[in-house]
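Student: I would like a close look at one part of this model. Please take me through it step by step.

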Amino acid sequence: MRERDQIADWLVERVAETLAIDIALVRSDIAFSDLGLSSMQAVELSDDLQRFTSLMLPPTLVFDYPTIDGAAGFVAQELARAGGSLPVPGQSRR
Amino acid sequence: MSTTPKAPTMASLLRSQASALGAKPAYRYLADGCEETRTLTFEGIYLEARAVAARLQQRLDPGDRAVILANDSIEFIRAFMGCQLAGVIAVPAAPPFPGPGKRVATLRAIVADCSARAIVTTNSADSRDRIVAAAPELANPEWIAVDRIAVERAAEFREQPVRPDDVSFLQYTSGSTSTPKGVVVTHDALMHNEELIATSWVLGPDDVAVSWLPLFHDMGLIGTVFPALYAGFEAVLMPPLSFVQRPERWLRAITRYGATVCGAPDFGYALCVRRIPPHEREQLDVSSWRVAFSGAEPVRARTLDAFAEAFGPHGFDARSWFPCYGLAECTLMATAVEPRAGAPRLTLRSSALQEGRVAPGGEQTLVGCGIERLHRRVEIVDPVTRRRSGRTHVGEIWLAGPDICAGYWKRPEESEHVFGARLEDSGDGPFLRTGDLGFIHDDQLFITGRLKDILIVGGRNHYPQDIEATAGTAHDAMLEHDCVAFALERDAREQVIVVAALQPEHDRVGVSLDDIARRVRAAVSAEHGISVDEVVLVDRRSIPKTSSGKLQRGACRAAFERGELRRARASAVVELQGAR
């Protein structure tokens with residue numbers, strides 16, 4: 001599913017940026033806390049996702065779906081349900 | 001000077017405010033940080049509290065302890081006030097986060113330490129089963145779903161005498177998981193501290209508070225929820241997570257309700273500056289805000305300035321700053337600044353300050369936290385000689401007053417040491433030894449550091465022992481008991497540093513140092529919810545210890561700051577891999 005992958009990629013980049021580590025070190029199948037994210041950073045991440053997807057998401061999102069894969073799956077589903085779309089990278093929407 | 005509080009106990013305050021203020025709203029709850037979902041009036045709280053008290057009276061006796069575990073602010077208040085009327089000692093605790101972690105450990109420690117008879121919580125699906133699965137003995141206290149208690153039960157309430165020296169609640173914000181310390185707050189101490197807060201902030205019935213501070217934390221409970229009841233104004237409450245997710249919600253609610261009294265630890269103000277982009281500030285008008293208190297963490301001039309600069313154009317007045325100093329051991333507030341004076345500042349020479357001397361006119365800016373008011377007494381004391389420090393020297397802050405707490409629950413020796421201090425020369429006392437360091441200059445108390453080994457991150461206290469226990473077992477190549485955690489002020493925030501010793505090189509062939517550091521960060525984050533800013537891996541024997549083998553955190557921190565720690569080398573095999 002394209003949206004799911006796009007959200008996962010975006011999350012990987014965002015986590016790498018937050019923790020100031022290399023993208024290659026951010027695994028998408030382990031818990032955000034195991035990546036070293038604090039609970040505060042995890043809650044902030046849910047808002048970054050809100051802005052990225054224009055969806056309303058719970059602040060506990062990354063505790064309820066503790067891996068990048070899990071969170072991306074949930075958010076992609078919510079996006080499909082809301083009939084929304086993601087911004088196209090590098091371009092503005094038509 | 002001492003004043004008599006408005007009421008002798010929380011129970012009588014509830015009763016008198018209910019009859020005086022009736023249908024006036026006391027608490028509004030914004031469950032998602034935006035929409036108002038519930039309101040409690042002054043008479044409503046009293047009625048709800050009687051219903052909850054009646055339910056508690058069924059199974060609990062006066063003086064029994066009931067742990068309160070509720071994310072929903074209204075349910076928290078119902079539970080707490082029910083305890084007050086039933087004479088049951090309330091024990092607020094942080095609801096554990098989803099997933100395994102320290103907060104279950106903390107809850108276990110608290111329940112055991114106070115021998116809780118009941119856990120009063122909301123009936124939300126996640127709580128009981130998840131917690132009991134992780135900590136089976138927590139099935140023993142009776143679990144009471146406060147949100148299932150119907151208001152009709154109020155009729156069954158039997159009036160219970162509550163005296164000023166009875167215990168209102170225990171505050172477990174001090175102490176590590178291995179030795180939790182419940183500060184014993186009597187009704188008398190609580191009412192005196194509320195009087196101090198109400199006087200210092202000039203609170204009255206026309207005030208409005210908007211707060212996201214958690215209620216299990218003293219600043220949310222004693223600094224916001226109780227002042228509303230005490231001074232008879234309304235408090236608008238939202239969940240902490242909805243603020244952290246989008247800080248704009250706090251300022252939006254201040255705008256919407258015309259709030260006058262709102263506060264946060266330093267990080268909350270910093271979060272607003274960092275996470276509310278300029279185009280989202282346009283709708284805000286916070287000009288009604290006259291008491292912007294900051295406490296629970298060091299108050300940083302840089303944060304105050306950045307916030308005032310960002311939100312000044314939207315009505316924020318820098319004269320509204322109320323930096324405070326307080327701690328659970330003196331109920332909450334210790335000192336406060338004059339109204340409308342803003343945040344007093346002092347520049348100092350940091351080189352002198354490092355030696356404990358006060359030399360004004362340097363490059364380091366400190367924010368003053370006010371001075372004694374009403375009943376408060378503040379002394380600056382040399383912690384070793386127990387004599388007053390001179391005006392030009394930093395010393396330990398000692399406090400006295402009727403709101404100094406009665407001690408730590410069932411810890412007489414430690415209580416005597418902390419709460420029963422006397423000045424060496426005059427024998428004057430008893431004083432509370434705060435463990436904080438500071439000095440008084442121009443009638444302002446300035447906090448410079450602490451004697452006690454705690455880390456304050458996100459407004460919450462963390463104990464190095466707890467973090468060390470987690471970090472020291474994160475990887476097999478580590479020496480479990482040779483691990484030190486401490487905090488350091490860098491980049492205008494408190495950073496967490498972990499220094500850990502490794503097995504000898506020949507015992508860790510093939511182990512990557514990066515991997516160890518990564519696992520340390522992951523373990524601390526998972527267990528304590530905070531991130532480690534730097535992991536320093538060192539060789540065995542380079543962690544300073546006393547002759548009896550006790551870790552010397554201060555010495556370790558000093559060695560780190562001087563760059564004198566001998567960092568461990570990767571073992572030969574890893575170096576080869578790295579060179580590939």
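Which residues in α10(B) meet which residues in α11(B)?

Tutor: Keep in mind that this is a predicted model. We start with the pair you asked about.

On the α10(B) side, the residues are B:Asp266, B:Tyr269, B:Ala270, B:Cys272 and B:Val273. Across from them, α11(B) brings B:Thr303, B:Ala306, B:Phe307 and B:Ala310. Sort these contact residues by class. You get 7 nonpolar, 1 polar and 1 charged.

Now look at the geometry. Helix α10 of chain B covers residues 266–275, and helix α11 of chain B covers residues 301–311. Their axes come within 9 Å. They cross at roughly 40 degrees. Angles under 35 degrees would count as roughly parallel, and 65 to 115 as roughly perpendicular. The crossing of roughly 40 degrees therefore makes α10(B) oblique to α11(B).

Helix α14 of chain B spans residues 464–471, and helix α15 of chain B spans residues 513–528. These axes also come within 9 Å, but the crossing is at roughly 130 degrees. So α14(B) and α15(B) are oblique to each other as well. Their crossing is right-handed. From α14(B), the contact uses B:Asp466, B:Ile467, B:Thr470 and B:Ala471. From α15(B), the contact uses B:Val520, B:Ala523, B:Val524, B:Glu527 and B:His528. The classes here are 5 nonpolar, 2 polar and 2 charged.

One more helix deserves a stop. Helix α7 of chain B runs over residues 218–231. It is mostly covered, with 14 of its 14 residues buried. Just after α7(B) comes B:Gly232, which takes a positive phi of about 75 degrees.

Now step back to the whole of chain B. It holds 17 helices and 25 strands. Its C-alpha trace spans about 75 × 60 × 55 Å along the principal axes. How does that fit its length? A compact globule with 580 residues would have a radius of gyration near 25 Å, and chain B agrees, with 24 Å. Of those 580 residues, 55% are buried. Next, take the contacts between residues at least 6 apart in sequence. In chain B, 70% of them join residues at least 24 apart.

Chain A comes next. It has 4 helices and 0 strands. Along the sequence, the pattern is α-α-α-α. The radius of gyration of chain A is 13 Å, close to the 12 Å from the globule rule for 94 residues, so chain A is as compact as a globular protein of that length. The C-alpha trace of chain A spans about 35 × 25 × 20 Å along its principal axes. Buried residues make up 35% of chain A. For contacts between residues at least 6 apart in sequence, 49% join residues at least 24 apart in chain A.

Last, see where the chains touch. The contact takes 19 residues from chain A and 17 residues from chain B. On the chain A side, α2 (39–53) and α3 (61–64) are the elements that give two or more residues. Of these, α2(A) gives the most, with 7 residues. By class, the side of chain A that touches chain B has 8 nonpolar, 7 polar and 4 charged residues.

Return now to your first pair. Find B:Tyr269 in α10(B) and B:Phe307 in α11(B), both among the contact residues.

How values were computed. Residues numbered from 1 in each chain as written. Chains lettered and ligands numbered in written order. Predicted model: local features only at pLDDT ≥ 70, side-chain atom pairs only at ≥ 80, totals over all residues. Rg over C-alpha atoms; globule rule 2.2 N^0.38 Å. Buried ≥ 20, exposed ≤ 12 C-beta atoms within 10 Å, placed from the backbone. Contact = placed C-beta atoms within 7 Å. Axes fitted to C-alpha atoms, helices over the stretch in contact; angles between N-to-C directions. Parallel < 35°, antiparallel > 145°, perpendicular 65-115°, else oblique. Left-handed = near helix turned anticlockwise from the far one by under 90°. Nonpolar A, V, L, I, M, F, W, Y, C, P; charged D, E, K, R; others polar.
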